[in-house]
Amino acid sequence: MSHDLPMKTLGSFFARRLREYVFLISTLPVAIFFFALVNIGFSAVFLPLAVLLFLALLSIMQWVARVEIRRTNAILKTDFQIIDNWFTHPFFSWDGAKERIISLRSWMAILYILVAFGLSTVGFVLTIAGLAGLFTLLLSLGIIAAESFNRDFNFSFIDDESGMRDTAHVHLNFFGSGKDFQIDLFGMDNIDIGTATINGSFDSVLVTALAILVMLLALWLSLGIARTIAKFVEGSLSGAFMPQFESAIKRITKEIKVSERDVREAMQKESL
């Protein structure tokens, strides 16, 4: 029995981390879809259509919140509350339009979409970096082997000041078992920066240590991003941040009113 408890605790820990990673990976395509909806809602030029799309965007934020809370609860085994009936007035009415425009929940949902899109994109980049670190580690330990090959890479860019387009040339060689490599930097077409050669081996302790560091750092940051997104689901969509947002809005409104009163009093004094 004494050995069962630590094993269950360890298994639960890794299960939670796996759920967080699955949550992060699944957030990116969902966030891209929701981000596209936000762009559509703000992109119309024809005024009547723009108003209609804008109000529709604010209305579907309730559906977005429901979908995201359910997805988060299903993957992370959380119990975030789903808030129904955001709006009490019909869509095609003046009161309904006003209610949707001033709906704090709708604006908090839009804020969540922007945050989720940005963080999930960073998480995807970290995932690629972590996989590269894992591949490098397996290669350096001899668990996997890469065939010898050589390949050319061309990186084009445009100088912001001159507007001139240039291309940098890089040649990559893997030798023998694929653990030894050589990188040749041939410079650029229009700017003379010289050439350079980098030789290395995946057998080195430094490469192994860097691979472990990159893999663990990417994993740690990715899981942190997943937990941050989950907090925004609870705060922005389930309403945990609502009191803080309401108090902040009241404070800002009060400061604006005080500033306007000071301006009026100053103008009255000057007129006297």
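Predicted model: local features only at pLDDT ≥ 70, side-chain atom pairs only at ≥ 80, totals over all residues.
Entry on the whole chain. I went through the secondary structure and found six helices and four strands. Reading from the N terminus, I wrote the order down as α-α-α-α-β-β-β-β-α-α. Of the 272 residues in the protein, 33% are buried. I took the accessible surface as about 17,400 Å², with carbon and sulfur atoms holding 67% of it. I then turned to contacts between residues at least 6 apart in sequence, and 56% of these join residues at least 24 apart.

Entry on α4. This helix covers residues 104-140. I counted 37 residues in α4 and a reach of 53 Å from first C-alpha to last, close to the 54 Å expected at 1.5 Å a residue. Phe124 sits in α4. I noted Phe124 as partly exposed because its relative accessibility is 43%, between the 20% and 50% limits. Phe124 also belongs to a nonpolar surface patch of about 450 Å², together with Val125, Ile128, Leu131 and Leu134.

Entry on Arg17. I placed Arg17 in helix α1, residues 4-43. The side chain of Arg17 makes a polar contact of 2.9 Å with that of Glu20. Setting aside neighbours within four places in sequence, I listed Leu223 and Arg227 as the residues in contact with Arg17.

Technical notes:
Residues numbered from 1 in each chain as written. Heavy atoms only, no water. Patch = residues over 30% accessible without salt bridge, like charges linked within 9 Å, V, L, I, M, F, W, Y side chains within 5 Å. Areas by Shrake-Rupley, 256 points an atom, 1.4 Å probe, with all protein chains shown as cover. Salt bridge = Lys/Arg side-chain N within 4 Å of Asp/Glu carboxyl O. Helix = DSSP H or I, 4+ residues; strand = E, 2+ residues; numbered from the N terminus. Buried < 20%, exposed > 50% of the residue type's maximum accessible area, 1.4 Å probe, protein only. Polar contact = N/O pair within 3.5 Å; in protein donor to acceptor, adjacent residues only side chain to side chain. Contact = heavy atoms within 4.5 Å. Expected span 1.5 Å × (residues − 1).
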